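Biologist: I am new to this structure and would be grateful for a guided reading. Shall we begin once the model is on display?

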Amino acid sequence: MKGFAERKVPSGKLVKAAVEFSSAIVKVRFFGDFFLHPEDTLDAIEKNLVGLPAVFPLEDFEKKIESVLKKENAQLVGATANDFAVVLQEAIQNSGKE
């Protein structure tokens with residue numbers, strides 16, 4: 001299945017997620033007008049989410065994202081790990097809705 005979601009976060013930035021999954025996440029891509037330094041951290045976040053169950057607590061998605069940010073000593077500007085987790089969960093819930 002495939003899903004997509006976007007949301008404007010409190011800072012006014014747009015965060016989008018596209019996800020492919022069955023019982024587990026096969027592929028996820030985040031994009032929008034937020035900033036992340038170093039930029040290749042986004043790839044690490046996306047890879048870290050692959051293989052997780054598609055039905056996963058929001059807090060656990062957030063912890064996975066935060067762990068990559070911390071490991072990479074990355075700075076996310078204009079969005080938070082929670083914003084990424086929420087839009088990912090919404091993308092999964094929106095699968096099949098057109």
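Predicted model: local features only at pLDDT ≥ 70, side-chain atom pairs only at ≥ 80, totals over all residues.

Biologist: Is Asn73 buried or exposed, and what is its relative accessible area?

Modeller: Asn73 lies in the loop between α2 and β5 (75-77), helices (H or I, at least four residues) and strands (E, at least two) being DSSP runs numbered from the N terminus. Asn73 is not a glycine, yet its phi is positive, about 50 degrees. Most residues other than glycine have a negative phi. Asn73 is exposed, because its relative accessible area is 69%.

Biologist: What is omega at the cis peptide bond that joins His37 and Pro38?

Modeller: Most peptide bonds are trans. Pro38 is placed in the loop between β4 (35-37) and α1. The bond joining His37 to Pro38 is cis, with omega about -5 degrees.

Biologist: How are α1 and α2 oriented to each other?

Modeller: Helix α1 (residues 41-49) and helix α2 (residues 58-71) have axes 9 Å apart, at an angle of about 140 degrees. Axes are lines fitted to C-alpha atoms, for helices over the stretch in contact, and angles run from 0 to 180 degrees between N-to-C directions. Angles under 35 degrees count as roughly parallel, over 145 as roughly antiparallel, 65 to 115 as roughly perpendicular and the rest as oblique. The two helices α1 and α2 are therefore oblique.

Biologist: Which residues in α1 meet α2?

Modeller: Contact means heavy atoms within 4.5 Å. On the α2 side the residues are Phe61, Lys64, Ile65, Ser67, Val68 and Leu69. On the α1 side they are Thr41, Ala44, Ile45, Asn48 and Leu49.

Biologist: At roughly what angle do the axes of α2 and helix α3 cross?

Modeller: Leu58, Phe61, Glu62, Ile65, Glu66 and Leu69 in α2 meet residues in α3 that include Phe84, Leu88 and Ile92. These two helices, α2 and α3, are also oblique to each other. The axes of α2 and α3 (residues 81-93) come within 8 Å, and the angle is roughly 130 degrees.

Biologist: How many aromatic pairs does a search of the whole structure find?

Modeller: Rings of Phe, Tyr and Trp (its six-membered ring) pair if their centres lie within 6.5 Å, with planes under 30 degrees apart counted as stacked, over 60 as edge-to-face and the rest as tilted. Ring pairs link Phe30, Phe34 and Phe84 into a cluster. Over the whole structure, the number of aromatic pairs is 4.

Biologist: How are the ring planes of Phe56 and Phe61 arranged?

Modeller: Both Phe56 and Phe61 are buried. Their ring centres are 5.1 Å apart and the planes stand at 55 degrees, so the pair is tilted.

Biologist: What is the relative accessible area of Ala54?

Modeller: Ala54 is in the loop between α1 and α2. Beyond its neighbours within four places in sequence, Ala54 is in contact with Phe21, Ser22, Ser23, Ala24, Ile25, Phe61 and Ile92. Ala54 is buried, because its relative accessible area is 8%.

Terms used
Residues numbered from 1 in each chain as written. Heavy atoms only, no water. Buried < 20%, exposed > 50% of the residue type's maximum accessible area, 1.4 Å probe, protein only.
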